Amino acid sequence: MIVKAFSSSANLGAGYDILALAHDAFEDTIEIYVQNSSELDIKVEGNGVPLSIEKNSASFALLELLRSYDIKAKIRLKIIKGIPAGLGLGSSGASAAAAVYAANEIFKLGLSRQELVNFAMKGEIASSGSPHPDNVAASLVGGLVSVLNSNPVKVEQVPLNLEFQIILIIPFVRIEAKTKKAREMVPKQIDTSKYVTNARYLSSLLLGFIKGDRELVRLGLNDEIIEKAREPLFPHYPKIKEISLLYDAIGACVSGAGPTIAIFVDSKSDKNKILGESLNVCKAYGYECTYKIAKVSGGAWV
Ligand code: HSE
């Protein structure tokens, strides 16, 4: 069976570990072949992916799912990466999402996409040391997804009533174990005033998407806590955000743990200026960069 899953941008400003948006910028493909066996035996294949089951997000998530249903089989898992890793585009999450989606189909487990998030998120332990569910939820469910509870995980799709595209400015800054480091940069304690400000941003963002109000989304695409604490990982971000707002983007945020920047644009935005100037900023920081213009996508599919 062949299953694909799209890339995603997590957090979207104040929605750290809460929001993620699936988009068609990139996709991962999983090929999965199953034979009868009295033991559970998973073999991973693929170029540039960890081949150890415990270190690969897709095989680790698959292992967790199959173990919990006591499924024994000989499985060949081939991973074809289309989503570049370590750039804040939900690469590890998409592979894990595709792998558990495939297993659900093959072994007829009857789990909903939402239920599969519980297993797919375990794959994030293999790649970043923590089982955050946001990227896997977007790649499984599609659209804009909100994580409402962590144990047990509950995720819901947020209605999107706004027309927009996402310009992704992608610098090739490779930092070893980036997500793990980025998570360690998150403050353990925060001021109540910052918490209130961020909660207001998150409310504004969700209301903006639901009501189709670009000004609310613009206000909501901000963050006083996580993006600020992690800024050394993406020093190009403030300037790109400033330029984006100048040329009437809806807003801009860091994509996941960065360094990719997601700029939300619509018919009012001067897309050419935003793109050209943002790439100039990126290059001024000495980064080799590329870009994608993406739209919101659906979840994993066969
Ligand atoms: N919510 C996660 C983080 C996404 O920002 O650490 C990273 O993949």
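The model is predicted, with local features needing pLDDT of at least 70 and side-chain atom pairs counting only at pLDDT 80 or more, while totals for chains, interfaces and linings use all residues. Residue numbers start from 1 along each chain as its sequence is written.

**Domains**
- Domain 1 (2–158) and domain 2 (165–294) are given by the domain assignment, which is automatic or from a database.
- Their centres, taken over C-alpha atoms, are separated by 24 Å.
- The contact takes 23 residues from domain 1 and 32 residues from domain 2, where contact asks for C-beta atoms, placed from the backbone, within 7 Å.
- On the domain 1 side, β1, β2 and α4 (123–128) each give two or more residues, and β2 gives the most, with five residues.

**Ligand shell**
- Around the ligand sit A10, N11, Y16, D17, H132, D134, N135, T179, A182, R183, G256 and A257; a residue is near if its C-beta atom, placed from the backbone, lies within 6 Å.
- At least two shell residues come from each of β1 (2–11), β2 (15–35), α5 (134–141) and α6 (178–184), with the largest share, three residues, from α6.

**Record**
- An unreviewed UniProt entry lists residues 209–275 as "domain: GHMP kinase C-terminal"; such annotations may be inferred rather than shown by experiment.

Definitions and conventions:
Helix = DSSP H or I, 4+ residues; strand = E, 2+ residues; numbered from the N terminus. Contact = placed C-beta atoms within 7 Å.
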